[in-house]
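Work through the exercises below with the coordinates open. Each solution goes step by step.

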Amino acid sequence: MNKFILAAASVAALAFAGSASADPIVVKFSHVVAEHTPKGQAALKFKEEAEKLLPGKVKVEVYPSSQLYGDGKEMEALALGDVQFIAPSLSKFDKYTKKLQVFDLPFLFDNIEAVDRFQHGPEGQKLLHAMESKGFLGLAYWHNGMKELSAKKPLLVPTDAKGLKFRVQASDVLAAQFQQLGANPQKLAFAEVYQALQLGTVDGQENTWSNCFSQKYQEVQSDFTATEHGVIDYMVVTNTGWWNKLPKDIQAGLKKAMEEATKVNNDVAGKLNSDARKKIEASQAKVHELTAAQRQEWKKAMEPVWAKFEGGIGKDLIEAAKKSNSGGKS
Ligand code: LMR
């Protein structure tokens with residue numbers, strides 16, 4: 001009898017273990033932008049590839065547009081294990097490391113190709129691990145693109161920005177950049193920007209063409225300026241503890257899926273931004289190009305910010321980033 005009970009119990013235990021291991025691991029990926037943006041498309045590609053490579057083993061749920069967590073909460077949610085992947089812009093890690101502030105220094109990178117070279121060089125790769133002690137592991141960089149400025153008036157020279165309120169991401173460098181112009185920065189979550197522009201809580205903002213267009217800023221901003229004064233890129237981060245406990249085959253599959261998603265992201269980012277620019281040009285808003293002399297004026301006005309943040313970032317990182325402009329790996 002005892003033997004029978006024992007045998008029945010072990011069969012039940014086996015069945016339980018079997019059904020438990022048959023349940024797919026649910027992987028939640030939360031982000032704040034619309035689906036028709038570089039990050040939105042890449043997150044969907046990650047889901048497609050992960051589920052193809054690990055059939056029945058993982059189920060990836062993608063939550064765009066701050067549906068699950070907005071800017072304020074997504075990192076906390078990752079730390080608590082309520083979500084497994086997020087891809088905040090590099091400007092939003094201020095609280096966790098000062099090193100990533102290098103990406104926010106105005107006019108440091110000439111273009112997205114230079115940003116790409118820096119990210120793939122030794123310093124950029126090391127930065128993926130800069131927050132490991134805080135429980136965040138960087139798996140990839142995803143591009144969005146260079147930032148533009150917008151307001152309810154033309155911004156052609158730095159003094160045009162004086163006295164205006166600008167929305168910034170949660171970044172001290174970006175706040176300092178606008179203070180440098182005599183403007184007033186306001187840190188606001190991405191989901192709140194359209195309304196703040198509409199209500200006049202802020203007068204202007206900086207973002208990529210694809211973010212501007214997908215958030216319909218052209219409805220509430222009369223003038224855009226192609227300044228390309230900085231970059232909005234992302235780091236895809238996961239919870240280090242969760243990641244390290246994953247079975248090796250799952251880790252390998254997710255890594256591969258991330259590589260594929262990164263390729264898609266970087267392939268579509270340029271086109272999504274140039275398409276979005278054309279759509280803004282076709283709207284009632286105006287798009288201004290800067291002359292070389294005007295661009296130089298913006299550069300001169302914003303660049304003093306570098307010195308303020310050099311200590312936290314490290315001179316070596318800034319030097320490596322500068323080198324990426326000339327084509328060499330950092
Ligand atoms: C922003 O807050 O402006 C951006 O970081 C949003 C994003 O994720 O592209």
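The model is predicted.

**Exercise 1.** State whether Phe29 and Phe85 are buried or exposed.

*Solution.* Phe29 and Phe85 are both buried. For Phe29 the relative accessible area is 0%. The cut-off for buried is under 20%, so Phe29 qualifies.

**Exercise 2.** Classify the ring pair Phe29 and Trp142, and locate its partners in the chain.

*Solution.* Step one: the ring centres lie 5.9 Å apart. Rings pair if their centres lie within 6.5 Å. Step two: the planes meet at 20°. Planes under 30 degrees apart count as stacked, so Phe29 and Trp142 are a stacked pair. Step three: Phe29 sits in strand E1, and Trp142 in strand E4 (residues 136-146). They are 113 residues apart, so the pair links distant parts of the chain. Trp142 is buried, with a relative accessible area of 0%.

**Exercise 3.** Find how many aromatic pairs the structure holds, then classify Phe29 with Phe85.

*Solution.* The structure holds twelve aromatic pairs. In one of them, the ring centres of Phe29 and Phe85 are 6.0 Å apart, with planes at 25°. That pair is therefore stacked. Phe29 belongs to strand E1 (residues 25-30) and Phe85 to strand E3 (residues 85-86), 56 residues apart. Phe29, Phe46, Phe85, Trp142 and Trp242 form one aromatic cluster.

Notes: Residues are numbered from 1 along each chain as its sequence is written. This is a predicted model: local features need pLDDT of at least 70, side-chain atom pairs count only at pLDDT 80 or more; totals for chains, interfaces and linings use all residues. Side-chain values use heavy atoms; hydrogens and water are left out. Rings of Phe, Tyr and Trp (its six-membered ring) pair if their centres lie within 6.5 Å; planes under 30 degrees apart count as stacked, over 60 as edge-to-face and the rest as tilted. Helices (H or I, at least four residues) and strands (E, at least two) are DSSP runs, numbered from the N terminus. Buried means under 20% relative accessible area, exposed over 50%, partly exposed in between (1.4 Å probe, protein chains only).
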